[in-house]
Amino acid sequence: MKTITITRPDDWHAHVRSGAVLKTVLPHTVRQFARAIIMPNLKPPVTTAAQALAYREEILQAVPAGFDFMPLMTLYLTGSTTAAEIKMAAGSDHVYAFKLYPAGATTNSDSGVADIKAVYPLLEAMEKYDIPLLIHGEVTDERCDIFDRERVFVDTSLTGIAGSFPGLRIVVEHVTTSEAVQFVEAAGANVAATITPQHLLFNRNAILAGGIRPHYYCLPIIKREHHRLALVAAATSANPKFFLGTDSAPHLTSLKESACGCAGCYSAHAALELYAKAFERAGSLDKLEGFASFYGADFYRLPRNSGTITLEKSAWTVPAAYGEDSLSITPLMANEELSWKIR
Ligand code: NCD
Ligand code: ZN
């Protein structure tokens, strides 16, 4: 049987939620990834190191027996974050980054930053204390077409941030456009990006052609085919600026299949298998290990993992849903066949 074995990977962008949903989804992340950058957009958001430590404990309690897993916590940047909190977070053993959400850009981003220039003193503190800034790169201007919001953010905000803080490590999270890819490629070594499985595998037809498919709806929204091709080229280029971040974002099926469905694709159930599909399709399976297991760790200045994980060519059908009835979560590619399977 055909197999591939790679160093155990990490997920550099994951939403694992809390409570009952955490218990359903965390085992999926843990069986593949040694570590994950945990997004702080709970309700209310995780804004202080103390809150992050409490959330970390809740996550560790949900790790199934027999697995090693290290949650890498992040703090939600708000207009009221202080330089003192940034210094404390940078000195903390468990906080690895701040996340900037433009206010209103996505799920649970109401507490986000309304005026990016106004938080420049905080970005200066992050640069000084050397803690990475993770950015949801979309403008929130209602007049801006939703398919243009990332490209416009690159021009109106990202270029300014990167230019003003040349020593600040920045991750442009879940890049979805050729423009964002070009920006990251042209920027200094301090600027990197994560790429999700859905943006490598699908274009916007998956959401809209032949019927509306809410489980393919996430933010930034999946774009046209030429953007997908730019993302695949970046992910398979062995450029260490691009690494794995699933943006796995579980929502209850009832909240996705609704007149106004939530943004977020749930991909943790088969993350590595989905990436393997995308890399195989590009003829670049040999580039999967760098993307999944090396470049993110290097960027965060953490050791690469020592264990391995093996995928085998063995068809399986993704379940229709995970979790108890009322808490059911529909995964990406539900009821469809995948050809790679974690052994
Ligand atoms: C994320 C979520 O549900 O928390 N949703 C999404 O569509 N990606 C938030 C985010 O990362 O934008
Ligand atoms: Zn996210």
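Quick housekeeping. This is a predicted model, where local features need pLDDT of at least 70 and side-chain atom pairs need 80 or more, while totals for chains, interfaces and linings use all residues. Residues count from 1 along each chain as written, chains are lettered from A and ligands numbered from 1 in written order, and side-chain values use heavy atoms, without hydrogens or water.

Who else surrounds ligand 1? There are 15 residues, with Asn41, Thr106 and Asp247 also among the closest; "near" means a heavy atom within 4 Å. By class, that shell has four nonpolar, nine polar and two charged residues (Asp, Glu, Lys and Arg count as charged; Ala, Val, Leu, Ile, Met, Phe, Trp, Tyr, Cys and Pro as nonpolar; the others, Gly included, as polar).

Now the metal. Which residues coordinate the zinc ion, ligand 2? They're His13 (NE2), His15 (NE2) and Asp247 (OD), at 2.0 to 2.1 Å; donors are N, O and S atoms within 2.8 Å of the metal, or 3.2 Å for Na, K and Ca. In sequence, the spacing of these donor residues reads H-x1-H-x231-D.
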